[in-house]
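Grab a pencil and have the viewer open. Try each exercise yourself before you read its solution.

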Amino acid sequence: MKKRNNINQQRAGLSRREFLIRSGALGVAGVSLPALLAACGGGSSGGGNSLFFDNWPLYIDPSEDGAVGTVERFNAASGVEMTYTEAYNDNDEYFAKIQPLLGAGQRIEPDLIAPTFWMAGRLISLGWVDKLPLGQMSNLGNLEDNYVKPPWDPTGEFSLPWQAGTAGIAYNIDVTGREIKSTADLFDPAFKGKIGMLTEMRDTMGLILMSQGVDIATISSFDQAAASFDLLAKAKADGQIRAFTGNDYIDDLVSGNYAACVGWSGDVLQLGKDSPNIRFVVPEEGGTLWADVMVMPKGTENVDAVAKWLDFVYDPVEAAQITAYVQYFSPVKGVREEVAKIDPELAENPLVFPDTATASRLKSWANLSEDVDAQFADAFSGITGA
Amino acid sequence: MMLAKRADGFGLGAIAVASVCLVALGAGWFDGPLNALVVLVLVSVVLGVALIAAVGGPEARRLLAPYGLMKPGLLWMALFFLAPVWSLVRISLSTKESRFSVQYDFTWAFENYTRAFSDFGGQFQRAFLYSAIATVLTIAIGYPVAYVIAFRGGRFKNILLGLVVIPFFTSYLIRTIAWSTILADQGPIVSVLRTFGLVGVFEFLQIMENGKLLNTPAAVIGGLTYNFLPFMLLPIYVSLEKIDPNLVNAAMDLYSSPTEAFRKVVFPLSMPGVFAGTLLTFIPAAGDFVNAQFLGNPNTTMIGNSIQDQFLRQNNYPVASAMSTVLMVGITALVLIYTRFFGTEELA
């Protein structure tokens with residue numbers, strides 16, 4: 001009998017040890033899996049007549065309701081076989097995904113991606129993108145003048161804008177009960193716990209900085225922004241902010257979880273078609289002006305197909321189709337006239353084709369030096385709480 | 001034969017050498033051609049043992065058998081546990097060459113750990129606090145249910161167990177996101193509470209904040225409790241199921257009240273289930289980031305969220321690794337303490 005007990009004791013000991021080992025294994029599995037996944041992201045697509053464009057979600061007109069989407073029209077017109085995906089959800093996240101590959105000199109699968117201007121600037125300065133085949137384009141002259149040799153791409157050889165837009169305030173008037181006009185309204189205690197902010201640092205901080213009277217077009221040091229970061233940190237600590245999100249702020253806005261949030265113009269305009277209670281405003285203090293630009297990650301093989309695509313979307317007739325659907329600012333000359341033929345009302349919308357009054361309130365960010373950018377990023381991620 | 005007599009020594013040595021080889025390969029100790037050498041050593045050691053077993057006769061095989069049986073498990077652990085832990089700890093003590101570099105220099109950078117504590121102390125506390133509360137709640141909810149199923153379930157036992165498990169056939173993520181719809185400000189629960197004027201009561205109990213249920217600490221803890229309930233309920237059920245009802249009858253014959261019978265007989269005998277359930281719930285819950293991500297707010301983030309953010313958005317592998325190491329050590333320490341006090345020796 002006694003002996004049996006001993007055996008039982010030993011077994012108990014063993015199973016406990018097993019548990020400990022397993023608990024450790026769980027921890028490690030959680031840690032190493034993302035790294036493994038990131039490492040498996042590569043691969044190669046065939047050369048020649050194919051094209052892979054990885055873009056942001058809801059950023060092109062799809063084939064629906066009898067209309068033929070831009071991708072299908074392009075495929076039919078050019079004979080290129082294009083793969084169009086919407087896996088670009090967040091600049092930092094995407095960068096973290098491609099960094100191990102591009103940083104190690106390997107190529108990534110997409111032939112074309114559309115990072116926001118500042119991220120494109122980073123990729124260009126790291127030397128992780130190839131020059132675009134601009135020489136093969138006949139529609140290059142349609143590029144709006146203010147995007148020629150922009151600050152993030154001083155030689156203008158590496159990037160072409162896909163769409164531009166503004167970050168302002170989106171709100172659900174059923175929840176706010178009043179019109180929102182100013183960034184200061186986001187800090188109104190009446191909306192405690194019902195305010196959303198974007199994880200996109202330049203948009204969230206851009207609005208706050210402008211409301212504090214800081215000019216984001218000339219900002220060059222972190223000290224100028226410190227007070228605004230404190231304001232955001234305090235609002236977060238007070239429970240004013242419900243969440244920091246990427247593109248998924250839309251759901252919370254529609255469901256009424258948010259009274260108001262920082263949002264992107266085109267998103268909200270698209271939404272407004274079905275939900276008239278969702279509104280968008282460029283705040284009195286100013287909204288940010290940004291552009292998402294197409295770049296070719298280093299080592300792309302399908303350069304000819306990229307040239308055909310760029311030429312296609314810089315044709316104002318084709319670009320107007322995209323604008324009519326996504327309702328962002330188009331970087332292509334002559335789009336307004338083409339949109340007027342499809343949807344005259346849209347051609348007059350100051351949030352799609354900014355009038356001088358709206359344009360005067362829009363500012364774009366200065367090019368931050370890498371050290372300053374790192375300071376901004378650190379301060380911001382410290383607040384977003386993650 | 002000398003060889004045959006020393007077979008167990010060879011077996012032990014072979015396992016040790018093979019484990020080290022696998023860790024070296026997995027953790028990337030060497031570059032290029034040296035790796036081929038390591039593979040060569042690994043293969044020759046394994047073949048060597050097989051050779052000894054083949055030519056050494058029954059005596060050698062008898063001595064080698066235990067090591068042979070241990071080998072798959074041990075080598076698996078070497079490659080998939082020891083090697084990753086090695087890499088993790090190494091990166092946690094490294095610094096990046098530059099902000100966007102993918103190279104890490106091992107520099108005994110203990111400041112990563114300082115940063116893990118100073119910048120993410122709150123997240124560590126919340127992770128342990130929320131998962132501890134969730135664990136207690138899963139016991140409070142899971143134990144009575146398991147008890148009823150085990151002792152009063154009768155012929156419906158299997159159906160009842162099935163009902164517990166069926167929701168978990170759906171993806172973890174979907175279930176959690178579903179809660180954000182259910183708890184939403186205009187959702188069913190808050191609407192009912194508002195209709196009955198109970199919002200004030202719930203706010204007093206600190207379950208609601210500002211008239212909202214979603215994006216509060218309560219929602220995060222609730223989500224954890226919901227998601228880990230079966231991991232508590234099933235082990236408790238198994239240990240209750242095994243209890244011989246005659247033991248309870250015997251206690252009653254000895255003038256025990258039902259309460260006393262439960263306290264002195266049933267509950268102690270169900271402890272192994274509670275113990276196993278606690279480990280299965282607390283450990284993954286402490287590292288969870290899904291619930292805090294979808295049901296929490298910026299002030300309820302847990303350490304899992306921070307680790308995810310540092311790894312996948314900030315690209316700060318050294319600090320992220322330091323946080324993971326601290327989490328691992330922290331959980332191990334807590335489990336050891338727990339085992340010391342509750343994991344009694346009569347567990348079998």
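This is a predicted model: local features need pLDDT of at least 70, side-chain atom pairs count only at pLDDT 80 or more; totals for chains, interfaces and linings use all residues.

Residues are numbered from 1 along each chain as its sequence is written, while chains are lettered from A and ligands numbered from 1 in the order in which they are written.

**Exercise 1. Work out which strands pair with E5(A), and in which sense.**

Step 1: Strands (E, at least two residues) and helices (H or I, at least four) are DSSP runs, numbered from the N terminus. Two strands pair if DSSP finds at least two bridges between them.

Step 2: go partner by partner. Strand E10 (residues 287-294) of chain A is joined to E5(A) by seven bridges and runs antiparallel to it. Look for Gly165(A), whose bridge partner in E10(A) is Trp290(A). Strand E8 (residues 260-264) of chain A is also antiparallel to E5(A), with five bridges; here Gly263(A) sits opposite Gly168(A). Then there's strand E9 (residues 278-281) of chain A, antiparallel again, with four bridges to E5(A). In that pairing, Ile169(A) faces Val281(A).

Step 3: check how covered E5(A) is. A residue is buried if 20 or more other C-beta atoms lie within 10 Å of its own, exposed if 12 or fewer, and partly exposed in between, with C-beta atoms placed from the backbone. By that rule, 13 of the 13 residues in E5(A) are buried.

**Exercise 2. Find the residues that touch the most other members of the largest nonpolar core.**

Step 1: define the core. It's a set of buried Ala, Val, Leu, Ile, Met, Phe, Trp, Tyr and Cys residues joined through C-beta atoms within 7 Å.

Step 2: name the residues. The core has 102 members, and those touching the most others are Ala170(A), Ile195(A), Ala260(A), Cys261(A), Val293(A) and Val295(A). Strand E5 (residues 160-172) of chain A supplies the largest share, seven residues.

Step 3: zoom in on Ala170(A). Two residues are in contact if their C-beta atoms, placed from the backbone, lie within 7 Å. Skipping neighbours within four places in sequence, the contacts of Ala170(A) include Leu253(A), Val268(A) and Phe280(A).

**Exercise 3. Is Trp56(A) buried or exposed?**

Step 1: locate it. Trp56(A) lies in the loop between E1 and helix H2 (70-78) of chain A.

Step 2: count. Trp56(A) is buried because 24 other C-beta atoms lie within 10 Å.

Step 3: list its contacts. Leaving out neighbours within four places in sequence, Trp56(A) touches Glu86(A), Tyr88(A), Ala114(A) and Asp292(A).
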